[in-house]
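Trainee: I would like to learn how to read pockets, helices and cores in a protein model. Please take me through one.

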Amino acid sequence: PDEPMVNTNLSVAYMKLGDKAEAEEQAAAGTAKRFAAMNRGDRSVAEFAQDQREFEAKMTARKLSMFQRVLALDPDDSVALFGVGSSQSSLGEWGAAATSFERAVAVDKNNSAAWLGLGKALEGCERTEEAAAVYREGMEVASKRGDLMPLREMRHRVMILEATKS
């Protein structure tokens, strides 16, 4: 009854069944059990953090696999391309993420989130000049569409890149 993986597995099962509310409930219960175990002294904070990173990496790998299956059916699915790029970014696979986001932008030039993701991936590849150019182009798209959050973040990233450049 104190094992958090029970709730984690239930969370995944409920998510697959389409019951997002129950999936979130089970995920929260698993997290609460992890904290309770940590407070009992069963595990150190570092061990808990490492387990959390490993769990998140596994979940990201699952998402990546799902999006790749969609792309096998439709290589121009903009949502799947964005999902693959986001997953690759989360795993630190910056070059692959940049390629995925480039494809996502080519398929849907009006997706400001894809422009933001591409810029971040290029930053991860240490291609800062290209990243700044991508952000600027993405800012135009975001401003035309009224996508304020990506617009704000791209402006912020450009400011940081320009500040570190000088």
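**Reading the pockets**

Mentor: Start with the largest pocket: 21 residues line it, and Val12, Met15, Met59, Arg62 and Lys63 lie nearest its centre. This is a predicted model, where local features need pLDDT of at least 70 and side-chain atom pairs count only at pLDDT 80 or more, while totals for chains, interfaces and linings use all residues. Residues are numbered from 1 along each chain as its sequence is written, and side-chain values use heavy atoms, with hydrogens and water left out.

Trainee: What is a pocket, in general?

Mentor: Rolling a probe the size of a water molecule over the atoms shows where empty space is left. The search uses a 1 Å grid over the protein atoms alone and a 1.4 Å probe. A pocket is an open set of points with protein on both sides within 12 Å along at least five of seven lines. Lining residues have an atom within 4 Å of a point.

Trainee: How much space lies in the largest pocket?

Mentor: About 600 Å³. That volume is the space filled by probe spheres set on the grid points, which are joined across faces, edges and corners.

Trainee: Which helices supply its lining?

Mentor: Helices are DSSP runs of H or I with at least four residues, numbered from the N terminus. H1 (4-17), H2 (20-39) and H3 (45-73) each supply at least two residues of the lining of the largest pocket. H3 has the largest share, ten residues.

Trainee: How does that lining divide by class?

Mentor: Eight residues are nonpolar, six polar and seven charged. Nonpolar covers Ala, Val, Leu, Ile, Met, Phe, Trp, Tyr, Cys and Pro; charged covers Asp, Glu, Lys and Arg; the others, Gly among them, are polar.

Trainee: What is the volume of the second largest pocket?

Mentor: About 300 Å³. Its lining has 15 residues, with Met5, Arg34, Asp51, Phe55 and Lys58 nearest its centre. H3 gives the most to this lining, six residues. By class, the lining of the second largest pocket has six nonpolar, two polar and seven charged residues.

Trainee: Is Lys58 buried or exposed?

Mentor: Buried means under 20% relative accessible area, exposed over 50%, and partly exposed in between, with a 1.4 Å probe and protein chains only. Lys58 counts as exposed because its relative accessibility is 57%. Lys58 sits in helix H3. Leu91 is 33 residues from Lys58 in sequence, and their C-alpha atoms are 9.7 Å apart.

**Reading the whole fold**

Trainee: How many helices and strands does the protein have?

Mentor: Eight helices and zero strands. Of its 166 residues, 34% are buried.

Trainee: Which residues have the most contacts inside the largest nonpolar core?

Mentor: A nonpolar core is a set of buried Ala, Val, Leu, Ile, Met, Phe, Trp, Tyr and Cys residues joined through side-chain atoms within 4.5 Å. The largest one has 28 residues, and Trp115, Leu118, Leu122, Tyr135 and Met154 have the most contacts inside it. H7 (128-145) gives the most to this core, seven residues.

Trainee: What does Trp115 touch?

Mentor: Contact means heavy atoms within 4.5 Å. Leaving out residues up to four places away in sequence, Trp115 touches Val105, Lys109, Val134, Glu137, Gly138, Val141 and Met154.

Trainee: Where is Glu126?

Mentor: Glu126 is in the loop between H6 and H7. Its phi is near 65°, a positive value in a residue other than glycine. Glu126 counts as exposed because its relative accessibility is 69%.
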